[in-house]
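Visitor: I would like a close look at a single part of this model. Please take me through it step by step.

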Amino acid sequence: MIKAPIAIVVFAALTGCQTLSNKPVSTSVSTSATTVETNPLTARMPVIDRQGHIAYIAEQGVGTAKVSTLYRIRPDGSDRQLIDQLNGYIYAPAWSADGQLLAYSKQAPREHPKIYIYDRSSDTRNRVVNAEGSNMSASFSPDGQDLLYSSTVGGNADIYKMRLSDGSIQQLTTLPSTEVQPSYAADGKSFVYTSDKVRAGRPRIYRYDFATGNATPVSTNGYVASPQLSLDGERMAYLNGRKAAIMTLTTGQVVNLAETGLDEPARLSPSGNYAVYPTRRLNVGGQVAGQSSSSLVIHSLSGNTSYAISGQNGGVVRSPIWGR
């Protein structure tokens, strides 16, 4: 069975990465566009990328002492803002296409994961999925009207679609296998997801077509999971074994970016020219020996260069997602 989130223990291997200093959390809702545009690390980014926000989760503590915090930050490391926090777990944030809404799952101790939506314009958080079971991996339709997610409400992990205007729900997969991690295509006609229907415990990536209701495998090798399509539909970011990876779908060419030290895939920027992923490394000097440091790594897919943004207060960084 695929567990949510899928747990794979890996070790980071990053070299030559520039690190931005850790900045305090901002309580302001806005930031100066000049700061983002003139930062030398982001000056060459398309406007859609450098003026967007990266949402991510920072975890501190273990077991019943686990505290999860959801932040958003600019890709130059500025304007870090707290969105939500709880004693427990936060999973899988996902932006709407316009960057105004952020869906994510929250799990308090002894409760099941529930899906919430944060609205940037009103600074409000509303629970939208509270079905009995594990409700995870939300994905907005391009028009923002529907929400895909996986749930074990029926006893098995399947993919559902909710109409946000009235809360109506349609079950899309009904197999006895595990279907999780849906992610909409930008045209709204299909989505990609993870399933182990061929062999239990050996997930593959599939594309579901809304017009036919059929799912076809995406050509990949080995253990793969957590897919995300670029806005132009040409690339797919995913977890390739132990590596954050990007595939060019027309050619099947795969670029493995790094072993992250976490069970985390890469995620594409709105332009598709950059990828972000978290990494964790064991400290050997400079900080407390034996403890790990965690960062967001932003990687240029064209220039093959990268830089890192340090996490907040030494927490473990997870699940970054880049929105407008």
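**A lysine and its surroundings**

Guide: Start with Lys-66. Beyond its neighbours within four places in sequence, Lys-66 is in contact with Glu-59, Gln-60, Gly-61, Leu-86, Asn-87, Gly-88 and Tyr-89. Keep in mind that this is a predicted model.

Where is Lys-66? Look in the loop between strand 2 (53–60) and strand 3 (67–73). Is Lys-66 buried or exposed? Its relative accessibility is 10%. The cut-off for buried is under 20%, so Lys-66 counts as buried.

Now take two of the contacts in turn. Leu-86 is 20 residues away from Lys-66 along the chain, and the two C-alpha atoms are separated by 8.6 Å.

The side chains of Glu-264 and Arg-318 meet in a salt bridge, at 3.6 Å from N to O. This pair links distant parts of the chain, 54 residues apart. Glu-264 is in the loop between strand 20 and strand 21 (267–268). Arg-318 is in strand 25 (residues 316–323). Glu-264 has a relative accessibility of 6%, so it counts as buried. Arg-318 has 18%, and it counts as buried too.

How many salt bridges does a search of the whole structure find? There are 8. One of them joins Asp-84 and Lys-106, with the closest N and O atoms 3.1 Å apart. Asp-84 lies in strand 4 (residues 81–87) and Lys-106 in strand 6 (residues 101–107), so this pair ties together parts that are 22 residues apart in sequence. Asp-84 is buried, with a relative accessible area of 9%. Lys-106 is at 16% and counts as buried.

Another salt bridge joins Asp-146 and Arg-163, and the closest N and O atoms are 3.1 Å apart. Asp-146 lies in strand 10 and Arg-163 in strand 11, so parts that are 17 residues apart in sequence are tied together. Asp-146 counts as buried at 11%. Arg-163 is at 32% and counts as partly exposed.

Stay with Asp-146 for a moment. Ser-141 is in contact with Asp-146, and also with Tyr-184, leaving aside neighbours within four places in sequence. Ser-141 sits in the loop between strand 9 (135–140) and strand 10 (146–151). Its relative accessible area is 4%, so Ser-141 is buried. The Ser-141 side chain makes a polar contact with the side chain of Asp-143, at 2.6 Å. Ser-96 is 45 residues away along the chain, yet the C-alpha atoms of Ser-141 and Ser-96 are separated by 7.5 Å.

Strand 11 (residues 158–163) pairs with strand 12 over 3 bridges. Across that pairing, Met-162 stands opposite Ile-169.

Conventions
Residues are numbered from 1 along each chain as its sequence is written. This is a predicted model: local features need pLDDT of at least 70, side-chain atom pairs count only at pLDDT 80 or more; totals for chains, interfaces and linings use all residues. Side-chain values use heavy atoms; hydrogens and water are left out. Helices (H or I, at least four residues) and strands (E, at least two) are DSSP runs, numbered from the N terminus. Buried means under 20% relative accessible area, exposed over 50%, partly exposed in between (1.4 Å probe, protein chains only). Contact means heavy atoms within 4.5 Å. A polar contact is a pair of N or O atoms within 3.5 Å; within protein, one must be able to donate a hydrogen and the other to accept it, and residues adjacent in sequence count only if both atoms are side-chain atoms. Two strands pair if DSSP finds at least two bridges between them. A salt bridge is a side-chain nitrogen of Lys or Arg within 4 Å of a carboxyl oxygen of Asp or Glu.
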